[in-house]
Each structure stands twice: as C-alpha cells, then as structure tokens.
Amino acid sequence: MTLSVPLTREHFERLDRDDPLSACRARFDLPEGEIYLDGNSLGAMPAHVPARIEKVLKEEWAHGLIRSWNDADWYPAPQRTGAKIAKLIGAQAHEVIVADSTSINLFKVLVAATRMQPGRKVILAEKGNFPTDVYIAAGVAELTGCELRCVEPDEVLDALNDSVAILSLTQVNFKSGRRYDMAAITARAHEVGALVVWDLCHSAGAMPIELNGANADFAVGCGYKYLNGGPGAPAFVFVAERHIAHVRQPLTGWHGHAKPFDFTHEYAPHPTIDRMLVGTAPQLGVLALEAALEVFEGVDMQVLRKKSVALCDLFIQLCDEQLLGLGVELRTPRDAEQRGSQVSLAHAEAYPVMQALIARGVVGDFRAPDILRFGFTPLYTRYVDVWDSVEALREILHSAEWNRPEFIARKSVT
Ligand SMILES: Cc1ncc(COP(=O)(O)O)c(C=O)c1O
Ligand SMILES: Nc1c(O)cccc1C(=O)C[C@H](N)C(=O)O
C-alpha cells in the first residue's frame, strides 16, 4: 500500500521554480502581496497596455485625429484582433472578429443560426448557464417564433432530436467550472441536423480550444476574462468558414455592409466575417485587447493547460487535506477532463467567508447562493498561491474569522 505524503509549502515553491510559464507573471501588473484568483471574471492587466493606450490617446487620437483610422491602422483592428484570438481557439484568422459584447454577439449568431434552420422551431439550451445566455436565447425565441427548451447539462445529448434548430451551450460553466466535450456534443448535434453555438467566455485563453477540430458552427466569447482585455473589453464572434456566406445576422449596421463608405441606401452584407460587425468599434477597447493578447506570445497552450490542471488538482487535494470537517464541499468535477480552469467550493457562509479571504488579500469571488469561486490563470497564478490561499481559507474557517459584521453585511455587487 502506498501512503500519500502530505504536501508542504516547499513542494509548491519547487513547482514554481520548475514552472516553464513562471516568467509570464512579469508580463502583468499585479498588486504586491495579493493573490488574485478572479481572472475568470476580470483578467489582470498586462503591464505594457497602459503605454500602448497612452500612445493611442496622446499621439494617434490627439495629433493623428481622424487620419488615425487609416494611418494608425485603427480601422482593421477588429479583424487583426480577431485573428490573434483565432490562434487561441483553433479557428482560422478570417473566421473570427472582435465586436460588441458577448450578449450582443450571442443575439446575432442565435438569430442568424435560426434563420439557417427553416422548419425547425426549438432552441435547446442548458439550465444553470450564465443568465445572459438564457435571457438572450429567450429573447431570440420570442422574436423568431421558436420554443426555448432548457434542460439539465446531463440531459443535453438525450434532448437532441430533429426538431432542434440550435443548441446553445457554454463550454465551461461559470459557477461549477464543469466543461462539456465540445467535439462529442457538436458531432451528436450535427447528426440530428442541429447547429451549435458555443459560448467560450470561461474557456478562451484558459485552455487549448479546437473549434474547427470539433467542426463547430458558431462561437462567442468575452475579451475581459482570460484574454485580459480590461473591464468591458469587446467580445469576439466565430463563424465557421462554411457558414459565413449564408449568415444573415439581424443587426444590419453600416460596419457590416459590403461597402460601408459608399453610404448607399440598401443594405448588402459584407462577403466576409465583417458582416458580423454592427457599428463603429469601441476603438480604445479593441486596441487595449489587441495589445493585451501579446501576453500569449510564445505560450504553448498545451503547456498552459497542463499548469492549469496541476493548479486545480493541487487546490482540490489541499482542500481535501486541510478543510475536512470545516463545512466545505467541492462543486467542480474532480476529473480534469470535465472541468475548466476554476475550482468552486460550496459553504453555507460563502459570502462572508469570501469577504474575509479578500480582506486577507486572497481575491476570489462569491456566486449566490453558496459558492466560493477560485479562478486559476496559469500565466500569472503561482503554485505557492494555491498553498497560501487554502491555508488562509483553513484559518478563516477554523477560527470563524468570517463571522464579523463587516464581512456579513452585503456590500459588493460582483
Ligand atoms: C458564460 C458567459 N456569457 C456571457 C457573459 C457576459 O456577457 P457580457 O460581456 O455581454 O456581459 C459572461 C460573464 O459576464 C459569462 O460568464
Ligand atoms: N461582466 C461582469 C461585469 O460587468 C461585472 C461583474 C462581473 C462580471 C462578470 O464577468 C461575471 C462573470 N461572467 C461570471 O462568471 O460570474
């Protein structure tokens, strides 16, 4: 019989010394003395972004003025940035473009996909998804005369049949961290003639994704989580090459027009992925996101995933060892194949516990009603952060440090 040896902090220090990604942390401007485990809600700031944005503001905007749309290459930034994201999600450069928010892109692709499925009247979606996905699908169903059918994640495969026009899923669930098998589900959906829309908000930049490898139809995702584009960064949209010419998205703004600067009266969609655009891009946001993506240069996404799995596995192992009998329950799958890059724990007093953790400089987040959520971002999370955060959590639970009025009063909105 082999006995597992309890882990020590030295073990984690050694892992950091041997970590092939350890140098990437210096690419970010992170507060000293804090452990940031919330990059799945708002990614950390890449250190070089302020200088880029300062140049955009002080040179390109202030002095280049209107000329900068051309001279500073502002105009093609959504396509350029989309091409950079394409590399991270297993797509071709011309299949991805940056535009709008995830919610709006979801609306555009859901309507477009529904229009490609005449005669089918069901939008199949999942219970427990991030609310905007369900709200938008409900809005699209109402608008297109479809029925929105929401099933439990385990029931998705069984619910697929030849009445389903669209299957709309989020690859990694925001609360549980549970991950779907994109290739298997897409294949099954295609067998019954359904199209699939994947929301990659909690997976893009956190793991290798193979959209074309999975034969995916459409995908959307946000720029401000693992892509580190900053608060409210613009989102991205993917349309498989085979669908681009057939996509009729409903928000027919001038930037999606074949010839926007001809200023014609009739709308004609652009022949390329540009047809997914609506109006003028939020240029500062696009340029910040484009710059932020440089932190992925030279990063092998398989190596990144290996570290993500190790961080999550170790966090779970430490929770098992250190938090026994302290009222904590694991809500993320133990099997790495079935999860993203986060670990969620349930605790009856999750809100004040998270406030107490944040007061100690361990920043994760709370998700109602009882989830403590910890996001692991392999480019800047260190192995010792795993040790130190579980240690802080153990002390807080053991001493009931969370049971103070300042932690119990609900103040934050996030
Ligand atoms: C799965 C998922 N979809 C969409 C969003 C957000 O969309 P938006 O950027 O439009 O607010 C989030 C998080 O905010 C999310 O977790
Ligand atoms: N988009 C957010 C926002 O505007 C404010 C606060 C948080 C967010 C988030 O991204 C939440 C996130 N999608 C989540 O998984 O909970």
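User: Is H202 buried or exposed in this predicted model?
Analyst: Let's count C-beta atoms, which are placed from the backbone. A residue is buried with 20 or more other C-beta atoms within 10 Å of its own, exposed with 12 or fewer, and partly exposed in between. H202 has 27 other C-beta atoms within 10 Å, so H202 is buried.

User: Before we go on, how are things numbered, and what does the model need?
Analyst: Residues are numbered from 1 along each chain as its sequence is written, while chains are lettered from A and ligands numbered from 1 in the order in which they are written. As the model is predicted, local features need pLDDT of at least 70 and side-chain atom pairs count only at pLDDT 80 or more, but totals for chains, interfaces and linings use all residues.

User: Which residues does H202 touch, leaving out those up to four places away in sequence?
Analyst: H202 sits in the loop between β8 (195–199) and β9 (218–221); strands here are DSSP runs (E, at least two residues) and helices are too (H or I, at least four), numbered from the N terminus. Contact means C-beta atoms, placed from the backbone, within 7 Å. By that rule, H202 touches N40, T170, V172, F174, K225 and G340.

User: And what about T132: buried, exposed or partly exposed?
Analyst: T132 is found in helix α6 (residues 131–144). With 16 other C-beta atoms within 10 Å, T132 is partly exposed.

User: How far apart are the farthest two C-alpha atoms of the "binding site" residues?
Analyst: The "binding site" annotation comes from an unreviewed UniProt entry, and its residues include T132 and H202. UniProt positions follow the numbering used here, feature names are shortened, and annotations may be inferred rather than shown by experiment. The residues span 179 residues in sequence and do not all gather at one spot, because the farthest two C-alpha atoms are 30.5 Å apart.

User: Which residues surround ligand 2?
Analyst: We look for residues whose C-beta atom, placed from the backbone, lies within 6 Å of the ligand. Those around ligand 2 are S41, F130, F174 and T414.

User: Where does the largest nonpolar core lie?
Analyst: Such a core is a set of buried Ala, Val, Leu, Ile, Met, Phe, Trp, Tyr and Cys residues joined through C-beta atoms within 7 Å. The largest one has 120 residues, and I166 is among those with the most contacts inside it. Domain bounds come from an automatic or database domain assignment. Both domains give residues to this core, so it lies between domain 1 (9–30 + 300–408) and domain 2 (50–296).

Methods. Two residues are in contact if their C-beta atoms, placed from the backbone, lie within 7 Å.
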